[in-house]
Amino acid sequence: MTHQMTRAGRSWTFRSWTFRGLLRACFLGTCVLAVSCGPGQIAQAVAAGAADRPADAAPALHVSGNELVDRSGQRVVLHGVDRSGGEYACVQGWGIWDGPMNQASVTAMKRWDVNAVRVPLNEACWNGQSYVKPAYRGAVYRRAVQAYVRLLNRNGIVAILDLHWTDGAYTGPSTGCASAEAVCQKPMPDAAESIPFWSSVARTFASDDSVIFDLFNEPYPERAIGGSEAEGWRCWLHGGYCPGISYRVAGMQSLVTAVRSAGAKNVIMLGGLEYANDLTGWLRHEPTDPDHNLVASWHSYDFNTCDVTSCWNQQIEPVIRRVPLIAGEIGENDCADAYIRPLMAWLDARSTSYLAWAWNADFGCGSGPSLIENYAGRPTAFGAGYRAHLLSLR
């Protein structure tokens, strides 16, 4: 979603268990780091890592074909929520988070059978840019993110880190603000700050495969260009200077490369055009990834263009057949569940992951939309439908 929140109201790892070091030395029997390992030693490494891993820890994930799987090769389907706040509170100068990010709030999520939480972030706050108050930027902000990821992971919950607000002056169609600062949603990430952001995030969480990287919340370069899908997808993949966008854009390939160059093999999510609702060109423009660990990200609301089953069958199912897909945001703005119920059933039938926007008690169920009325997990009318569906999957 593209929102702006203020204190006054709305204006529109876990314990890092991986035996990656051992697997890097013994991956598929390949000698790496001058260590010679056979299949038996690989099995011992796997067993040793499993023995050290807490029973309730979040799964370490990777891509296998069109599935997300854990270390044992078992399919993992994520059902979660988006926890907004880290993208706006810091840059607005009144905090790092919006609401509690403690054990009690996570326990409330677990009562809904949530196993994934998507955490929107702000590149200026992470990178420590000077226009953010010192109390909410740089190392202070990064430590807060790390602490929340550890908390989620200790509770068996996968953390999805999402780059939500970025620098770059943009005043074209669908603009969120006139500022060049990271105070609203922009059509594409800026090369100057988003590449250093992902390099740093990747280094920070490279040892934790229970963290997924969502490279950019909701791209919409085609709107800046005047509706050209072809030019929109070119900008999406390659970046550079795109028509209608004044700043140098970081394309998805450059962000994938930044993550991998930092040594992180984590699963990476990439949303398509039209605020991540349009995936028609995703397969043709999939970035090159040496680790083959890419996932399509799709956002689906009742006010999007692709909001009916026929469109899902035509545009989304072909992607699901080829690569894992995570519906990183689903929701509706009518304080009901008439849209998400058939959507979830459609995704369930394809063993596809989804997360609902948003676990924020100060959003309205229609204007947020918010799933909860308080952080103990009391649902809104919209949230009640989502919670009931998750609990029905037991």
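Visitor: Which backbone oxygen lies 2.8 Å from a polar atom of the side chain of N153?

Guide: That one belongs to I157. Keep in mind that we're looking at a predicted model. As for its setting, N153 sits in helix α6, which covers residues 139–154.

Visitor: Is N153 buried or exposed?

Guide: Buried: the relative accessible area of N153 is 0%, and buried means under 20%.

Visitor: How do I read the nonpolar core?

Guide: Start with the general idea: in soluble globular proteins, nonpolar side chains tend to be buried together. Here the largest nonpolar core has 104 residues, and the members touching the most other members are Y148, F213, L215 and Y386. Helix α6 supplies the largest share of this core, 7 residues. There's also a second, separate core of 15 residues, with L61, L68, V76 and L78 among them.

Visitor: What is Y386 in contact with, leaving aside its neighbours within four places in sequence?

Guide: Quite a list, including H79, G80, V81, W112, I330, Y354 and L371.

Visitor: How do I read an aromatic pair?

Guide: In general, two numbers describe a pair of aromatic rings: the distance of the centres and the angle of the planes. This structure holds 15 aromatic pairs. Take W198 and F213: their centres are 5.4 Å apart with 50° between the planes, a tilted pair. This pair links distant parts of the chain, since W198 is in helix α7 (residues 191–205) and F213 is in strand β8 (residues 211–214), 15 residues apart. W198 and F213 are both buried.

Visitor: Which residues do ring pairs link into a cluster with W198 and F213?

Guide: W126 and F197 join them in that cluster.

Visitor: How many disulfides does a search of the whole structure find?

Guide: There are 5. For each one, look at the S to S distance, the torsion and the burial. In the link of C177 and C184, the sulfur atoms are 2.0 Å apart. The torsion about that S-S bond is -65°, a left-handed link, and both cysteines, C177 and C184, are buried.

Visitor: Why is the disulfide of C235 and C242 called right-handed?

Guide: Because the torsion about the S-S bond of C235 and C242 is about 95°. Their sulfur atoms are 2.1 Å apart. C235 is buried at 0% relative accessibility, and C242 is buried too, at 3%.

Note on methods
Residues numbered from 1 in each chain as written. Predicted model: local features only at pLDDT ≥ 70, side-chain atom pairs only at ≥ 80, totals over all residues. Heavy atoms only, no water. Helix = DSSP H or I, 4+ residues; strand = E, 2+ residues; numbered from the N terminus. Buried < 20%, exposed > 50% of the residue type's maximum accessible area, 1.4 Å probe, protein only. Polar contact = N/O pair within 3.5 Å; in protein donor to acceptor, adjacent residues only side chain to side chain. Core = buried A, V, L, I, M, F, W, Y, C linked by side-chain atoms within 4.5 Å. Contact = heavy atoms within 4.5 Å. Phe/Tyr/Trp six-rings, centres within 6.5 Å; stacked < 30°, edge-to-face > 60°. Disulfide = S-S within 2.5 Å.
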